[in-house]
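Please consider the following protein chain with its sequence and coordinates side by side. The account begins with the chain as a whole and then turns to its sheets, helices and individual residues.

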Amino acid sequence: MSSRFRAPSRTLLCLLVALCACAVSASASDNDWKPVDPAQLAMKTPLVEKDADAEAIFWEVRVADEADGGDPRTVLTHYVRIKIFTERGRESQSKIEIPFGKVFGHEIKINEIAARTIKPDGTIVELKKEDVFERTAEKSNGLKVKVKSFAMPGVEPGAIIEYRWREVRGDSLSYYDRFQFARDIPVELVKYYIKPLSLPNFPYGMRAQFFHGQNTPFVKEKDGYYSTSMQNVPAFREEPRMPPEYQVRPWLLIYYSEDTKLEPEKFWKDYGKTVYEKSRSLMKVSDEVKKAAASAVGDATDPEEKLHRLFDYCRAHVKNIYDATSGMTADERNKWKESKSPAETLKRGAGTSFEIDLLFAALANASGLDARLARLADRSDVFFDPSFPDTYFINTYDIAVKVGDQWRFYDPSSTFVPFGMLLWKEEGTDALVSDPKEGFFVKTPLSPPAKSVEKRTAHLKLSDDGTLEGEVHVEYTGHLANEYKQINDDDSPQQREENLRNAIKSRMSTAEISDIRVENVTDPVKPFVYDYKVRVPGYAQRTGKRLFLQPAFFERGRAPLFTTSDRQSQIYFHFPWSEEDTVEIELPTGFALDNADAPQSFTANNVSKYDVNIGVTKDGRKLIFRRNFFFGGGGTTGLLFPLPAYPQLKTLFDELNKRDNHTITLKQGTAVAANP
């Protein structure tokens, strides 16, 4: 899997929050735990949400920077106490999972974990060291993370559980830190104790910005700490197709700035000029670059064609060292020294994402075009707000090129992103184009549904006992292809096959999959492809002389997208996409289509369209099913929907699921139905 690094800058020394664990101490002395108020143990109902099955009484975190053998790091000491009210609360809170790993190259660890259960009668049961395990867990958004997992001992309704961990963030100090205030259950009190850094370069000291809620003013505590808190915090619940977590959760950003009075518009204009001045030397057009550009462009005269050839040239001649296809080991990557110029990147034939994009810009400039570095927001993290005058949220980059009177954006370093597209998280967002006078914002275009296609074809045969078997071909383009390639490029061939097998069996448990071929996993241009054979006993239900068949084979067993009647967050789709299905089913001897009814098509303005056609061949021996669907037309308005639109969206996707589950009837000895 490739990794997209940020441009080097002081303001990018940020470390995104992640709760982590690496080492465990499973017991603690009584003096390390706070006394339990008998009233807390006697609580019968929650205070924050009346129907909550469990509620955190408090969650306290102490934050300080310290050194370990000369290496500075940020340390957070967490302590949470939870009251269990119901059996569902016992089930949900008995198993604790604390993710760990790396965030932007910083190793995140915990050097202590302690946990215990206080039963309703006051009996205390402590967690044993050997009851803590390490495993891989999958979040609701499909992201896989490593976690330390342990089961709280002796939990029952009425009990209190509490646990602590000491989180160590990275091997260097961060000028930006995020602190969350919401958990998966409601919290009566969240309190942070923060010891500010003493930094001579930042005379104005620590600054704080709260998002999606309101914290209390900071209060000076002893030992140099300042505290802030939030009371009666509702539970944070992940929902299908929700905005980024940090766009929804209440959280606090602690950061350090050289100035306290920054006017946003002037700030961005000045910063755009600074980026231009600093990046100009990094895109130096040398004789070697001029020669390479001339060779790549050849006889092309149209600016778009020039850019396409330069784009392909970078892909063909320079490997991204963070791609699996580079062949570099982790140790070799760690020892990689920055290229001093585009010419050096070209000579080495390899580079970081930033170095490859700079080379592309230098080649474009050498070809008579105007190419500049652009800084972008990442909408997979938060939605950018230019009224916040700091570079923290504009933390990635692409190359902007003036074509006619428009600015186009390119990213040759992201290996699986096609020419003319960006990573989905960089499309439809603000890009700060650097400029020698003053920077300016341009909205990056959003790729339409036709650019990201899931095209599925099946040639199947149905037996009179309801067994369906045959060959399947599936291919993905655009953002869909990029996602599948990113997921699979680091996996072994066996794991790639297992990924597919698990996905199919999650929909059709009796499915037998064989002869799997996964193609173009590391190809930057071709679609990602699955080919396989499938056999599904009992796919169609036999009743007497009739077979009941669901022709939408690729949607069989898929649950509705939205299952709840109410919702807390806005509805957010990452990118527009389309689906094209063709399913051919050879009917069993003696059976024919009893009726040719098909689900009704529908259109939702220019945002979505669904169209289905069902028919049989002239000889009546083969059923032909065609399905086309797209979602996300209409630009960025087709991605983010306000909460009041949820009933309409739910209705749309419920109706889609209902029509995809449409069943037709085959009857033994029936005359052939007319082809619609």
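What share of the contacts in the protein chain with a separation of 6 or more is accounted for by residues 24 or more positions apart? Such residues account for 76% of these contacts, a contact being heavy atoms within 4.5 Å. The model is a predicted one, in which local features need pLDDT of at least 70 and side-chain atom pairs count only at pLDDT 80 or more, while totals for chains, interfaces and linings use all residues. Residues are numbered from 1 along each chain as its sequence is written, and side-chain values use heavy atoms, with hydrogens and water left out.

The protein chain contains twelve helices and 36 strands; these are DSSP runs numbered from the N terminus, helices being H or I with at least four residues and strands E with at least two. Of its 676 residues, 52% count as buried, where buried means under 20% relative accessible area, exposed over 50%, and partly exposed in between (1.4 Å probe, protein chains only). The accessible surface comes to about 31100 Å², and 49% of that surface belongs to carbon and sulfur atoms. These areas come from the Shrake-Rupley method with a 1.4 Å probe; for residues, only the protein chains shown count as cover.

Two strands are taken to pair if DSSP finds at least two bridges between them. Angles run from 0 to 180 degrees between N-to-C directions, and axes are lines fitted to C-alpha atoms, for helices over the stretch in contact.

Histidine 479 lies in helix H10. Is histidine 479 buried or exposed? Because its relative accessible area is 4%, histidine 479 counts as buried. Leaving aside neighbours within four places in sequence, histidine 479 is in contact with several residues, among them Met421, Trp424, Glu427, Ser447 and Phe575. Serine 447 is 32 residues from histidine 479 in sequence, and their C-alpha atoms are 9.0 Å apart in space.

A further open sheet comprises five strands with antiparallel pairing, in the order S20-S19-S18-S21-S22. Its edge strands are strand S20 (406-410) and strand S22 (440-443), each of which pairs on one side only. Neighbouring strands of this sheet are turned by 40 degrees against each other on average, direction ignored. Strand S18 (residues 370-376) and strand S21 (residues 430-433) run antiparallel and are joined by three bridges, with arginine 375 standing opposite leucine 432 in S21. Helix H4 (residues 264-280) lies across S18, S21 and S22, at about 125 degrees to S18. Helix H6 also packs on the sheet, where H6 touches strand S19 (396-403) and S20 and makes about 145 degrees with the direction of S19.

S19 and S20 pair in the antiparallel sense over five bridges, and lysine 402 stands opposite tryptophan 407 in S20. Their hairpin has two residues between the strands, and glycine 404 there takes a positive phi near 65 degrees.

Helix H6 (residues 303-317) has a helical partner as well: its axis and that of helix H9 (residues 353-366) come within 10 Å and cross at roughly 145 degrees. Leu307, Leu310, Phe311, Tyr313 and Cys314 in H6 meet Leu359, Phe360, Leu363 and Ala364 in H9. By class, this contact has nine nonpolar, no polar and no charged residues; Ala, Val, Leu, Ile, Met, Phe, Trp, Tyr, Cys and Pro count as nonpolar, Asp, Glu, Lys and Arg as charged, and the others, Gly among them, as polar.
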